[in-house]
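Thanks for coming. I will walk through one structure this morning, starting with a pair of charged side chains and ending with the aromatic rings.

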Amino acid sequence: MVRVRQKSRLALRAWMMCFWIVAVAVEAAPTVTNQTDVLKSAAPAALRRMLPSLDSAWMKQRHGFDADDDLKNVTVGQPFQPYILSEDAIKKYRDGDAVLKALEPYAKWYLPVISKGKVACWLSLYQNNAGNWQADSLGMADWAHVWAEVCGEWPTTKGFSPAFVIVPSR
């Protein structure tokens, strides 16, 4: 377990440096219970539309599943909305300012896709012009695995509120 944890931490650091992705723990993230309920109800149908593309053992493994996983039994976990930290917000930030004030909600939401009790990948959803939630992508298995570990080490049940923050590169 220690080896996996060390590998995950190194992978997270590498992604953070390469893709400017930052994981931060904030004191109190905004509560969006109604939104997460809507997303959780829209996600199963969206997921069922995406799963047929995983038509081989190789495609399953590429998306974080085991080759023999029965995709009829996958579920989705708790949705979360990443944040964007813009260059402008970085310039305006002053020591002591609330971190959440500098972050902008990202347009997409992510839901962990769970198979056999483990996070396999993420399902991303966005709201189309008609106001309906639809799937944008299924994947990002490596990020999903590391994020699951981050959330496991800093759980909301212990007062943490991890936030996935994207810092766009120039």
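Which residue forms a salt bridge with Glu-87? The partner is Lys-91, and the closest N and O atoms of the two are 3.6 Å apart. Keep in mind that this is a predicted model. Both residues sit in helix α4, which covers residues 87-92, and they are 4 residues apart, about one turn of the helix. Glu-87 counts as partly exposed because its relative accessible area is 36%. Lys-91, at 55%, counts as exposed.

Before going further, a word on confidence. The average pLDDT for the protein is 84, and 80% of the residues score at least 70. Among the elements, strand β5 has the highest mean, 97, while helix α1, residues 2-19, has the lowest, 45. Across residues 1-21 the pLDDT is below 50, and that stretch has 27 contacts in the model beyond near neighbours in sequence. Residues 23-31 also stay under 50, with 19 contacts beyond four places in sequence.

Back to the charges. In total, the structure holds 7 salt bridges. One of them joins Asp-66 to Lys-118, with 3.9 Å between the closest N and O atoms. Asp-66 is in the loop between α3 and β2, and Lys-118 is in strand β6, residues 118-127, so this pair ties together parts that are 52 residues apart in sequence. Both ends are partly exposed: Asp-66 has a relative accessible area of 31%, and Lys-118 has 47%.

Another salt bridge is between the side chains of Asp-69 and Lys-116, at 2.8 Å from N to O. Here Asp-69 is in the loop between α3 and β2, and Lys-116 is in the loop between β5 and β6, so parts 47 residues apart in sequence are tied together. Is Asp-69 buried or exposed? Asp-69 is buried, with a relative accessible area of 3%.

Next, the cysteines. How many disulfides does a search of the whole structure find? The search finds 0. Cys-151 is partly exposed, at 28%.

Now to strand β2, where Thr-75 is placed. Thr-75 counts as partly exposed, with 42% relative accessibility. Which residues does Thr-75 touch, leaving aside those up to four places away in sequence? They are Pro-112, Val-113 and Ile-114. Take Ile-114: Thr-75 and Ile-114 are 39 residues apart in sequence, yet their C-alpha atoms are 5.2 Å apart in space.

On to helix α6, residues 141-153. At 1.5 Å a residue, its 13 residues should span 18 Å, and the end C-alpha atoms are 18 Å apart, so the two values agree. The buried residues of α6 are Ala-141, Ala-144, Val-146, Trp-147, Glu-149 and Val-150.

In one of them, Phe-80 and Trp-147 are tilted, with 5.7 Å from centre to centre and 35 degrees between the planes. This pair links distant parts of the chain: Phe-80 is in the loop between β2 and β3, Trp-147 is in helix α6, and they are 67 residues apart. Both residues are buried.

Phe-80 has another aromatic partner, Phe-164, and that pair is edge-to-face, at 6.3 Å centre to centre and 65 degrees between the planes. Again distant parts of the chain are linked, since Phe-164 is in strand β8, residues 162-166, and 84 residues separate it from Phe-80 in its loop between β2 and β3. Why does Phe-80 count as buried? Its relative accessible area is 15%, and buried means under 20%. Phe-164 is buried too, at 5%.

Which residues make up the aromatic cluster? Phe-80, Tyr-110, Trp-122, Trp-143, Trp-147 and Phe-164 form one cluster. That is where I will stop.

Terms used: Residues are numbered from 1 along each chain as its sequence is written. Side-chain values use heavy atoms; hydrogens and water are left out. A disulfide is a pair of cysteine sulfur atoms within 2.5 Å. Buried means under 20% relative accessible area, exposed over 50%, partly exposed in between (1.4 Å probe, protein chains only). A salt bridge is a side-chain nitrogen of Lys or Arg within 4 Å of a carboxyl oxygen of Asp or Glu. Helices (H or I, at least four residues) and strands (E, at least two) are DSSP runs, numbered from the N terminus. pLDDT is the predictor's confidence in each residue, from 0 to 100. Contact means heavy atoms within 4.5 Å. The expected span of a helix is 1.5 Å times one less than its number of residues. Rings of Phe, Tyr and Trp (its six-membered ring) pair if their centres lie within 6.5 Å; planes under 30 degrees apart count as stacked, over 60 as edge-to-face and the rest as tilted.
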